[in-house]
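The entries below follow the order in which I looked things up.

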Number of protein chains: 2
Amino acid sequence: MPRPSLKSERTDQILDALEICLVRYGLEGATQERIAAQAGLARALIRHNVGNRDDMLRLGLDRFTARSDEQLQALFGELPETGRAEVLLDWLFDPRFFDAHSVRVLESLSHWAADRSDARALVVSWTERFIDAVAEQLLLAFPNSKASDRDTVATCITGLYFQLASLLALGLTRSVQQRSVAAGRRLLAMLA
Amino acid sequence: MPRPSLKSERTDQILDALEICLVRYGLEGATQERIAAQAGLARALIRHNVGNRDDMLRLGLDRFTARSDEQLQALFGELPETGRAEVLLDWLFDPRFFDAHSVRVLESLSHWAADRSDARALVVSWTERFIDAVAEQLLLAFPNSKASDRDTVATCITGLYFQLASLLALGLTRSVQQRSVAAGRRLLAMLA
DNA sequence: CAATAAATTGTCAAGTATGATAATTTATTA
DNA sequence: TAATAAATTATCATACTTGACAATTTATTG
């Protein structure tokens, strides 16, 4: 019998290192050499486990979106019955939830995906799921609201969320966060 | 006397080509070779006119933000007296204004700027100016509104605007645009 | 026309990222 | 212990990108 495969562990190791390098050096600077060093592995092991550079980035994107979906669902699961939407806002706009690390990883991967139709489609569908999931929570919070209003509010909250995340990643110092939360609450008032 | 300098024309040529290559090949793929080919110039002329790669990207960012400021001011100048804010919304969210080209250029340049503190600061201050300029227009449209409300609405409209732009650049097919406009109008209602 | 200074061209060297492959080691099971 | 198949290591060749510099051409002015 063969030696047991470490592929899944090694893959995670490599993708973790990939994320760190994307954050630290950007898409251009995230070379296989640096990733291998970060992971504490020989560069040849990258090829052995996750294929070439494009394969690696694709795997990174897959894992990122899957994880993000899970995290969002987990967050939904912890929302209280009353004040559901307000708490959702607070959590979404809390920098602890969407940290600068994830933002920069997403930006790098999105940038990479932009001119690869299949990867790009993955980013788009992930965004759509995000909006839909928020709209679904709004339905739970405001059962009597109109679906079109919920779509509008969900789209806006998502937009605010991503803008806030980008600006935080760039190091914006102003209170965009407070404004975003205030705006989000006003939007929720549309549904009440 | 010397031969007349073509530096400004050549620089524009090169930065135009840079933008095209950023859109077409991304930050990584925008090599000096491709840019030179796109501009119809020898690669050495890039160095001669705009310095090394970082110098070129910095010039590209400077020009982009300056142009964007001008365009926004020009747009403000054409707004009517009545229904000022509503028309502003319509124009901002019109894909003809913020086209996919500009979006991808901005994303590439922002990505490049992310780990260069001075360039990053430029992006941040540009964003701040954008929000402030929108808030200023809201003051013209709603003289009796509260400043904090105007800030909130301006922040949100900007967030929607950038999200919409990103999604359009990724090729999102859904009617995020309509939702954004609808949400923007609701936000304006806050100020009336 | 001569002088000037810039544009333009041509070429080279160095560094680096990547892909590929062979050789070796290791852990498991029969 | 032998066989198996995977992990791991070592190494090479190739292509690509960039930076640098010398040589040449060109347009303007005195």
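**Notebook: a look through the model**

I began with B:I14 and, setting aside its neighbours within four places in sequence, I found it in contact with B:I35, B:A39, B:I46, B:N49, B:V50 and B:M56. Here two residues are in contact if their C-beta atoms, placed from the backbone, lie within 7 Å.

Before going on I noted that this is a predicted model, in which local features need pLDDT of at least 70, side-chain atom pairs count only at pLDDT 80 or more, and totals for chains, interfaces and linings use all residues. Residues are numbered from 1 along each chain as its sequence is written, while chains are lettered from A and ligands numbered from 1 in the order in which they are written.

**The core**

I then asked which residues have the most contacts inside the largest nonpolar core. They are A:I14, A:L18, B:I14 and B:L18, and that core has 102 residues. Such a core is a set of buried Ala, Val, Leu, Ile, Met, Phe, Trp, Tyr and Cys residues joined through C-beta atoms within 7 Å. A residue is buried if 20 or more other C-beta atoms lie within 10 Å of its own, exposed if 12 or fewer, and partly exposed in between. In soluble globular proteins, nonpolar side chains tend to be buried together.

**Chain A by itself**

I looked up the make-up of chain A and found nine helices and zero strands, where helices (H or I, at least four residues) and strands (E, at least two) are DSSP runs numbered from the N terminus. Of the 192 residues of chain A, 40% count as buried, and its C-alpha trace spans about 60 × 45 × 30 Å along its principal axes.

Helix 4 of chain A, residues 53–77, has 25 residues and reaches 36 Å from its first C-alpha to its last, close to the 36 Å expected at 1.5 Å a residue; the expected span is 1.5 Å times one less than the number of residues. Its buried residues are A:M56, A:L57, A:R58, A:G60, A:L61 and A:F64, and they pack against helix 1, helix 3, helix 6 and helix 7 of chain A.

In helix 7 of chain A, residues 117–141, I picked out A:L139, which is partly exposed, with 15 other C-beta atoms within 10 Å.

**Where the two chains meet**

I laid chain B on chain A and got an RMSD of 0.1 Å by a turn of 180 degrees and a shift of 0.0 Å along the axis, so the two copies are related as by a two-fold rotation axis. The superposition is by least squares on the C-alpha atoms of residues with pLDDT of at least 70 in both.

I counted 35 residues of chain B in contact with 35 residues of chain A. Helix 8 of chain B gives the most to the side of chain B that touches chain A, with 11 residues. Of the interface residues of chain B, 100% are also interface residues in chain A, so the copies meet through the same surface.

**Around DNA strand C**

Last, I listed the 22 residues around DNA strand C, of which A:M1, A:Q32, A:N52, B:P2 and B:A44 come nearest; a residue is near a strand if its C-beta atom, placed from the backbone, lies within 6 Å of it. Helix 3 of chain B gives the most to this surface, with three residues.
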